[in-house]
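Good morning, and thank you for coming. Please look at the structure on the screen while I describe its sheet.

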Amino acid sequence: MTFISFHHQPLRHILAEVVEINRRNNNVAYRAPIASAAPIKVVPKASAKKTQKKQACKYYRSPRGCRYKNCRFLHQDLPSEVPETLPVVKAIVWKGNPRLSDETFRNNYILQHFGWGSPTKKQGIEWFQQMHSDGHLKYFTYDQLLDWAYSLNIQTREDFLIYIGSLPDIFHQFRQVTQHEIAKLKADDDSEKAKPKYDTFHCFDALPTELRLKIWGFAVRTGRQLIVKPNFHTVHTTGGPGIFFRKSSPSPLWLANKESEEASSRDTTCSFLFGCDMFSATFDTLFLSHSAADLHLCASNVPSWGGDVVQRVSLTYYKVCNVKKLIDLAKDLFVAFPVAIRIEFWLSDSAKHSAKYLPKSAAVMEKATAAINEAYQGRIGMAPPRVRLITVPEARAIELDINDGFW
């Protein structure tokens, strides 16, 4: 469009210019329309990489929060995880269950309950304790408890008595002697667990050799009790068993190490006697779990097996207190142990023994002392043996087999 300056022009010139402009505009309006293409729609180019969903920040909801300033994860709650659905184990009715002795049933239950067929001993103990709390163990017999304990890796008798036999409902089903054994095993186990970590002198090997040998020597002189019973079967002159069977554990000082063995060997009175164990005639005590009749049968053979050096002898009171002729018992003791300096009769302090044997014990011991003094009066240069009655705790009496046959 042409712009024209209208200043300083006549009016007719201005009107002529206006008419010319109108004509030109009219010509442009009546031109044929020009065809135009349809507008192109701009489509954004697809990304070559697949769009990944942004993960949520696992630190966003933590107690300390996310520590990143420009975290590349979303700050929103994490989706809740759907817990894994475990197979439902059908509840077992223990009361009157006829399959408690079935090995297949037992193995299948253990596999389902523990997830594998060989649980640890700790898991087995915890299972028994839970069963006891739920009151289910009362439906098991003793043999069934043993089978289940063995399958649950509780395989020794000591572990069974400590962890299962000590449970109240099970404990009262045992005999009195087994109850005492359980109580002792449980007490030993508890004391072992309660021992502090410094109960062992780890620097013992660092001590001078002379000092270590002196300590072993003190241990030798404390003495021990060798509990024996008569051997009425085949008597072996070498190796053993000889005239006696050993009921107590072997002498530990001969088995600990070379130094303890050397300290024991310094005791010249210690040797292998009676065909059963090492015995120190000076410090050890021979405990006879014999009756008077048993002692009479073997008395003449005992000296040839070492009885002629034994100085301390103990007997079970209840096995000899009813002997009609105590002088015969005293003569048998003199024949078997001619150099004895102390003879003791041991009695349990249980309520049964206190009521049955103690009332007459004073009179019996007076007669026994007189009979032993008469039997040993022929010794030249030696006084008669010292005779006395010893009462021991019931648990110890059971170990020594002096609890009136309960063992």
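In strand β5, Leu286 is the bridge partner of Leu226. Strands and helices here are DSSP runs, numbered from the N terminus: at least two residues (E) for a strand, at least four (H or I) for a helix. The model is predicted, so local features need pLDDT of at least 70 and side-chain atom pairs count only at pLDDT 80 or more, whereas totals for chains, interfaces and linings use all residues. Residues are numbered from 1 along each chain as its sequence is written, and side-chain values use heavy atoms, without hydrogens and water.

β1 and β5 run parallel, joined by 4 bridges; two strands pair if DSSP finds at least two bridges between them. The open sheet has 6 strands, in the order β2-β1-β5-β6-β7-β8, with mixed pairing. At its edges stand β2 (244-246) and β8 (386-392); each has a single partner strand, so one side of each lacks a neighbour in the sheet.

Let us now turn to β6. Of its 5 residues, 312-316, 4 are buried, so β6 is largely enclosed by the rest of the structure. Buried means under 20% relative accessible area, exposed over 50%, and partly exposed in between, with a 1.4 Å probe and protein chains only. β6 is parallel to β5 (residues 285-288), with 3 bridges, and also parallel to β7 (residues 342-348), with 5 bridges. Which residue in β6 is the bridge partner of Phe287? The partner is Ser314, and Ser314 also stands opposite Glu344 in β7.

Finally, Arg224 lies in the loop between α8 (209-221) and β1 (225-230). Arg224 is buried, at 17% relative accessible area.
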